[in-house]
Amino acid sequence: MTVSFVLPDGLSATAPPESRGVPRDGVRLLVARAGRPVRHRRFRDLAASLAPGDLVVVNTSTTVPAAVAGTRGDGRPVVLHVSGPVPGEPDRWVVELRTPGRERVHDGRPGEVVTLPAGAHAVLVAAHPDLGATTSRLWRAIVGTGTPGRGLADWLELHGRPITYPYLRTVPPIEAFRTVLARPVREFASAEMPSAGRPFTRAVLDRLAARGVGVADLVLHTGVSSPEVGEPPLPERFRVPARTADVVNRTRATGGRVVAVGTTVTRALETVADEDGTVRAGSGWTDLVLGPHRPARVTTGLVTGWHEPQASHLLLLEAVAGRELVAAAYGSALAEGYLWHEFGDSCLLLPRHGR
């Protein structure tokens with residue numbers, strides 16, 4: 001059983017912190033360290049909570065404007081969320097249907113055509129994942145851009161907008177959903193922002209370097225992050241380069257912490273970790289789900305945002321930090337009014353370590 005709590009409505013971050021005069025690295029940072037009282041800082045102070053020889057691993061995936069307005073076959077307006085390609089089916093895409101009010105749509109049908117801007121369209125093929133259902137909120141679909149030679153990622157840059165949910169008051173520009181860590185790519189990248197990295201700034205990175213804390217990178221392209229209760233995380237594309245595997249292994253050998261920035265980094269690192277925690281370079285699709293049956297092998301610290309009650313991500317947090325530490329962090333965050341969701345506050349979880 002994961003940490004249980006109720007999230008008050010007033011703790012949802014309804015806009016980027018910059019809109020209320022708070023810089024990216026000015027959001028609050030709760031530091032939960034095993035065996036010590038919880039501390040409350042600002043994200044700009046991240047380096048002060050780590051030690052020389054520690055390693056921070058970041059995700060450099062950029063965010064695609066993966067939501068686009070359309071019209072269903074019966075004339076009803078709809079918003080199509082593109083989650084990413086279907087594993088093993090390069091001409092199929094995982095999509096989700098939402099109402100203009102951003103509520104889930106559950107009455108799609110195989111063969112339904114969604115008309116999109118500029119001559120594009122999406123044809124629903126089958127429920128995803130295929131569990132024998134005839135209706136679903138997630139679909140495998142054929143998506144045509146209406147422009148020969150133009151890929152979906154390029155088309156969305158012209159006609160899409162960021163995926164957003166009802167707690168946001170407005171739709172911020174796509175730049176608000178891209179981290180300072182992100183690197184532009186030609187492929188379809190993340191459908192939603194790897195949000196644990198959003199508070200990073202060049203100043204934060206400089207302070208980490210001055211402290212003697214290393215920074216390494218990998219890529220994990222996120223799909224839609226809105227699974228319903230009981231739904232496992234979707235398979236996602238990742239790449240852990242050899243240079244990152246090497247520095248992770250060196251850090252562990254010298255007693256440093258390996259601090260993952262977000263559940264995306266944790267999932268990628270743990271996918272390529274042997275049973276003894278040795279990390280190897282690798283790429284492809286991961287369907288790894290961390291939890292009681294599969295604890296973390298290499299990740300010994302975690303920078304994360306705050307997840308909703310019953311979210312599958314809570315199991316991952318506990319797989320890294322243990323239920324007691326996660327419960328202490330969430331209890332303190334609720335008591336102190338920390339803000340949730342992608343534009344909210346942050347947490348640094350530091351379970352017991354060798355040093």
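I'll start with Ala 118, which sits in the loop between strands β7 (113-115) and β8 (121-127); helices (H or I, at least four residues) and strands (E, at least two) are DSSP runs, numbered from the N terminus. This is a predicted model, where local features need pLDDT of at least 70, side-chain atom pairs count only at pLDDT 80 or more, and totals for chains, interfaces and linings use all residues. Residues are numbered from 1 along each chain as its sequence is written, and side-chain values use heavy atoms, with hydrogens and water left out.

Ala 118 is not a glycine, yet its phi is positive, near 60 degrees. Most residues other than glycine have a negative phi. His 341, also not a glycine, has a positive phi of about 80 degrees. His 341 lies in the loop between α6 (323-336) and β15 (346-350). Is His 341 buried or exposed? His 341 is buried, at 13% relative accessible area; buried means under 20%, exposed over 50%, partly exposed in between, with a 1.4 Å probe and protein chains only.

Now the cores. A nonpolar core is a set of buried Ala, Val, Leu, Ile, Met, Phe, Trp, Tyr and Cys residues joined through side-chain atoms within 4.5 Å. The largest has 43 residues, and Leu 269 and Trp 306 are among those with the most contacts inside it. Helix α5 (residues 313-321) gives the most to this core, six residues. A second, separate core of 34 residues includes Ala 67 and Leu 124.

Ala 67 is in strand β4 (residues 67-71) and is buried, at 2% relative accessible area.
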